[in-house]
Amino acid sequence: MTDLSATASVTDRLSGTAEAAGPATDPIVQFLDRHQPETPCLVVDLAVVRERYRQLRSALPDGRICYAVKANPTPEVVGELVALGASFDVASPGEIDLCLALGAAPEDISYGNTIKKRRDVARAHAQGVRMFATDSEPDLRVLAEEAPGARVFCRVLVDNTGSRTPFGKKFGCSPERAAALLRLAGELGLDPWGVSFHSGSQQLDPAAWEHGIAAARRVFDAEPGLRMVNLGGGLPAAYTDQAPPLADYARRIEESLTRHFGDRRPELLVEPGRHLVGDAGVLRSEVVLVSESDEHRWVYLDIGRYNGLAETEGEAITYRLRTDRDGDPTGPVVLAGPTCDGDDVLYQRTRYELPVTLRGGDRVDLLSAGAYTASYSSVSFNGFAPLPTYCVDGDERR
Ligand SMILES: *Cc1c(COP(=O)(O)O)cnc(C)c1O
């Protein structure tokens, strides 16, 4: 068996941040070597999740960490975060049930989706959930009726420049509108708590939080009595782009908080998804076919857009790759998935080079693939099964 760990350091040096450069991937390689699971599959190292959580805890000591469950809802991952004392950002009854079943307290669950059915709000409230996001009057009125007295925060729309996967305009309102909604919340018997925003996922500019923190200040000025700022998600994982270290984000966030709030510091929430789980996962795939067209060498993997790599849409997220044949001469490739769908192409504009010796049956590992992969996998498009997830715990092996 080829020693994959020997090539890991080469790939890691080529890309990714120093701090995020494939820490403790060895337990994952050991697992893959020992069990030889069918591919494609995702293997998550819980020790890395733990490490990321603790790093964030010390970088933002007074921030309440609400893990965005959608990034990776694997029960072992959520259970690990329950044990670490995390809170949870959820978007649906299914995510609430998952967190509760794994031991989360209902008061540690924040219903962060601004788009909710009335019956789902009522159900969450009956289960004890008391934190809710909103950004519109109809939703706010539903909250007042179905979750009376609950804490409500209003999401503002902020500039997502610098994000690899921006949110567009789907969520959030202006600071002026947020202030009006939060005033109405109080009139309707809810607890107007504060302001949230999301700077865009895989946000590569640590200064991006300034927009949201400044907007929150405007809302606080217009509506006295507010006391919480929710910094959202957006912290990065290590893909081929160079993401700054966590300390840079923490410093810029601190500077913005000081600039806009001084010593009247609000309660802080932060909702990391990708940052806690991305670097913890390795996705193992197999080369199905390598073929040469007139212009390109096509490498078709058994993983694609529909069974886990949804975030390759628009080539937004560019995973680091590791192969059995690293060290051999390389050449440019177009990477594609296994289905009969013409959109199931992973990278054709982004330049990827792979060993010229690569052929069907070889393994290709996608690194830092722990976020938004298995959770985005289709049920079984074209007969390809959803992506299975295995968990290891690197701390237990040391
Ligand atoms: C998805 C989501 C997050 C997590 O975003 P990341 O970029 O993965 O950190 C946080 N908050 C809300 C409201 C979300 O929808």
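The ligand site

Modeller: The shell around the ligand divides into 3 nonpolar, 5 polar and 5 charged residues; Ala, Val, Leu, Ile, Met, Phe, Trp, Tyr, Cys and Pro count as nonpolar, Asp, Glu, Lys and Arg as charged, and the others, Gly among them, as polar. The model is predicted: local features need pLDDT of at least 70, side-chain atom pairs count only at pLDDT 80 or more, and totals for chains, interfaces and linings use all residues. Residues are numbered from 1 along each chain as its sequence is written, and side-chain values use heavy atoms, with hydrogens and water left out.

There are 13 residues around the ligand, and Lys70, Ser201, Glu271, Arg274 and Tyr372 come nearest. A residue counts as near when one of its heavy atoms lies within 4 Å of the molecule.

A polar backbone atom of Gly273 is 2.9 Å from an oxygen atom of the ligand. For Gly234, a polar backbone atom is 3.0 Å from a ligand oxygen atom. On the side-chain side, an N or O atom of Asp89 is 3.5 Å from a nitrogen atom of the ligand. Alone, the ligand exposes 390 Å², and the protein buries 93% of that (accessible areas by the Shrake-Rupley method with a 1.4 Å probe).

The ligand takes up the space of the largest pocket. A pocket is an open set of points on a 1 Å grid over the protein atoms alone, where a 1.4 Å probe fits, with protein on both sides within 12 Å along at least five of seven lines; a molecule sits in it if more than half of its atoms lie within 2 Å of its grid points.

As for annotation, an unreviewed UniProt entry gives residues 47-277 as "domain: Orn/DAP/Arg decarboxylase 2 N-terminal"; such annotations may be inferred rather than shown by experiment.

Conventions: Polar contact = N/O pair within 3.5 Å; in protein donor to acceptor, adjacent residues only side chain to side chain. 1 Å grid on protein atoms, 1.4 Å probe; cavity = no way out; pocket = protein on both sides within 12 Å on 5 of 7 lines; lining within 4 Å.
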